[in-house]
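Okay, thanks everyone, I'll keep this short. Let me put the structure up and we'll walk through it together.

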Amino acid sequence: MIIAQELEVQQDISADVTFPPSDLDSDEPTVETELHLRQIILLFKCLEWLWKDRTDFYAAGNLTIYYSPNQKKSQFFRDPDFFVVLETERKTRKSWVVWEEDGKYPNFILEILAPSTANTDKEYKKEIYQNTFRTPDYFWFDPYTLEFAGFYLTGKYQPLEANEKGHLWSEQLGLYLGINQGLLRYFTPAGELVPTPEETAQEETKKTAIQLQRAEIEAQRAEWEARRAERLAAKLRELNIDPETI
């Protein structure tokens with residue numbers, strides 16, 4: 001009923017409505033806990049790093065989405081914990097204002113569950129994302145209980161089936177999502193963990209250290225071989241044998 005009322009109000013908006021300014025500040029409340037914040041930052045950081053060479057997407061966490069010019073007088077705005085919009089300009093925004101973004105809604109939304117918001121995320125918001133936003137991929141995750149679910153849109157949301165590793169596929173991101181060490185992470189189509197910039201740097205440091213170690217071993221081996229050849233040549237000379245003729 002609530003969803004139908006929202007749609008009806010939006011359809012009744014006349015062409016001469018004066019839209020609010022597009023630089024609306026986000027009205028998102030503070031995150032529930034430090035763990036919720038860490039989860040949002042982790043998802044944002046990994047995607048930004050993975051797609052560092054792309055300029056055709058926008059990812060944000062704890063940011064308001066305004067989707068009706070009446071939002072100042074009503075509740076026609078939503079505040080996903082994390083969302084991604086594809087085929088748009090990659091730039092900083094105060095909020096996501098649908099009517100100033102070519103009518104684009106998020107392609108991917110994730111809600112991080114908490115006792116005070118879980119029912120809203122699973123029912124009310126899910127209906128809005130399904131019927132109004134038409135967001136193709138919707139996920140939720142509880143960082144405390146590790147409850148994890150995902151849905152894809154085919155008229156209505158259908159639950160995603162996990163693969164053998166317990167990961168769920170996001171068609172919009174072209175990535176799997178799965179739990180790793182108690183937090184939700186991205187995985188490549190091949191099942192490899194998408195690293196953070198820090199993890200990438202650590203891995204590069206390890207590779208460099210291994211390469212240096214191997215180079216040192218090879219240098220020591222070459223030096224040992226050179227000394228061995230030198231001793232052998234000296235021994236041959238003692239026997240009046242020219243090592244150059246052998």
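So, let's start at β8, residues 148-154, which is joined to β9 by four bridges, with the two strands running antiparallel. If you want a spot to look at, T154 sits opposite K156 in β9. And keep in mind that this is a predicted model.

Okay, on to the inside. As a general point, nonpolar side chains in soluble globular proteins tend to be buried together. Here, the largest nonpolar core has 24 residues, and the ones with the most contacts inside it are L47, F82, V84, F108, L110 and Y186. Who supplies it? At least two residues each come from α2 (34-50), β1, β4 (82-86), β6 (108-112), β7 (137-141), β11 (175-180) and β12 (183-187). α2 gives the largest share, five residues.

Last stop, the surface. L239, I241 and I246 make a nonpolar patch there of about 310 Å². I246 is in the segment after α4 (197-238). Is I246 buried or exposed? Its relative accessibility is 70%, and the cut-off for exposed is over 50%, so I246 counts as exposed.

That's my tour, happy to take questions.

Definitions and conventions. Residues are numbered from 1 along each chain as its sequence is written. This is a predicted model: local features need pLDDT of at least 70, side-chain atom pairs count only at pLDDT 80 or more; totals for chains, interfaces and linings use all residues. Side-chain values use heavy atoms; hydrogens and water are left out. Patches are made of residues with over 30% relative accessible area and no salt bridge: like charges are joined within 9 Å, nonpolar side chains (Val, Leu, Ile, Met, Phe, Trp, Tyr) within 5 Å. Accessible areas come from the Shrake-Rupley method with a 1.4 Å probe; for residues, only the protein chains shown count as cover. A salt bridge is a side-chain nitrogen of Lys or Arg within 4 Å of a carboxyl oxygen of Asp or Glu. Buried means under 20% relative accessible area, exposed over 50%, partly exposed in between (1.4 Å probe, protein chains only). Two strands pair if DSSP finds at least two bridges between them. A nonpolar core is a set of buried Ala, Val, Leu, Ile, Met, Phe, Trp, Tyr and Cys residues joined through side-chain atoms within 4.5 Å.
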